[in-house]
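Thank you all for making time this morning.

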Amino acid sequence: MDAKIENDELDEYDEEHSIANEFKDYIGFSVCINDEDINSLLTDKPYLLLREQTKCLVCDNISACDIKYKYILIQHDNLTVYNVIKELIKKRYKKKCNHRFLETFYKINQNEFEIGWGS
């Protein structure tokens, strides 16, 4: 009975993440964003900056005071979550710690977002 429930839950997950499944073979990171959110427009501008911590608080055992950021410029005429992910893949972006599940983009301001990673 438990295997049936587990399979049903996986089927439901696959249905809700069918677009994200398109990226499942990319080894740089995994996409965990549902179909409703993956088509969301992040900005109506032709570019945005993605802010990312250069070291992981958990994996690199650093304090919040030691956080430094790097920025990734993304340019596209339609900056939906989907297109930003595709641009990251084109840039051969690779997450360098265990928190490699892209879950969201946090809006910092109109054209700057932080990548939300999970594990």
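Predicted model: local features only at pLDDT ≥ 70, side-chain atom pairs only at ≥ 80, totals over all residues.

**A patch on the surface, and what lies behind it**

The areas come from the Shrake-Rupley method with a 1.4 Å probe, and for residues only the protein chains shown count as cover.

Residues are numbered from 1 along each chain as its sequence is written, and side-chain values use heavy atoms, with hydrogens and water left out.

Now to the overall layout. The chain has three helices and seven strands, and from the N terminus on these elements run α-β-α-β-β-β-β-α-β-β; helices (H or I, at least four residues) and strands (E, at least two) are DSSP runs, numbered from the N terminus. Of the 119 residues of the chain, 36% count as buried, where buried means under 20% relative accessible area, exposed means over 50%, and partly exposed is what falls in between, again with a 1.4 Å probe and protein chains only. If we take contacts between residues at least 6 apart in sequence, 55% of them join residues at least 24 apart, a contact meaning heavy atoms within 4.5 Å. The chain exposes about 7800 Å², and carbon and sulfur atoms supply 47% of that area.

Returning to the patch, which strands each supply at least two of its residues? They are strand S3 (47-53) and strand S4 (69-75), and S4 gives the most, with three residues. Tyr-71, which is found in strand S4, is partly exposed, with a relative accessible area of 44%.

From strand S3 I would like to pick out Arg-51, which is buried at a relative accessible area of 16%. Leaving aside residues up to four places away in sequence, Arg-51 touches Tyr-69, Lys-70, Tyr-71, Ile-108, Glu-112, Phe-113, Glu-114 and Ile-115. The charged end of Arg-51 sits over the ring of Tyr-69, 4.1 Å from the ring's centre; the rule for this is that NZ of Lys or CZ of Arg is within 6 Å of the ring centre and within 35 degrees of the ring normal.

Arg-51 also forms a salt bridge with Glu-114, with the closest N and O atoms 2.6 Å apart. Arg-51 lies in strand S3 and Glu-114 in strand S7, so the pair ties together parts that are 63 residues apart in sequence. A salt bridge is counted when a side-chain nitrogen of Lys or Arg is within 4 Å of a carboxyl oxygen of Asp or Glu, and by this rule there are three.

Another of these joins Glu-52 and Lys-70, whose closest N and O atoms are 3.9 Å apart, and this pair links strand S3 with strand S4 across 18 residues. Glu-52 is buried at 3%, whereas Lys-70 is partly exposed at 34% relative accessibility.

Lys-90, however, is exposed, at 62%.

Just after H3, Arg-92 takes a positive phi of about 55°, and this residue is exposed, with a relative accessible area of 71%.

Finally, the rings. The structure holds three aromatic pairs, and in one of them Tyr-93 and Trp-117 are stacked, 6.0 Å centre to centre with 15° between the planes. Rings of Phe, Tyr and Trp (its six-membered ring) pair if their centres lie within 6.5 Å, and planes under 30 degrees apart count as stacked, over 60 as edge-to-face and the rest as tilted. Phe-29, Tyr-93 and Trp-117 form one aromatic cluster.
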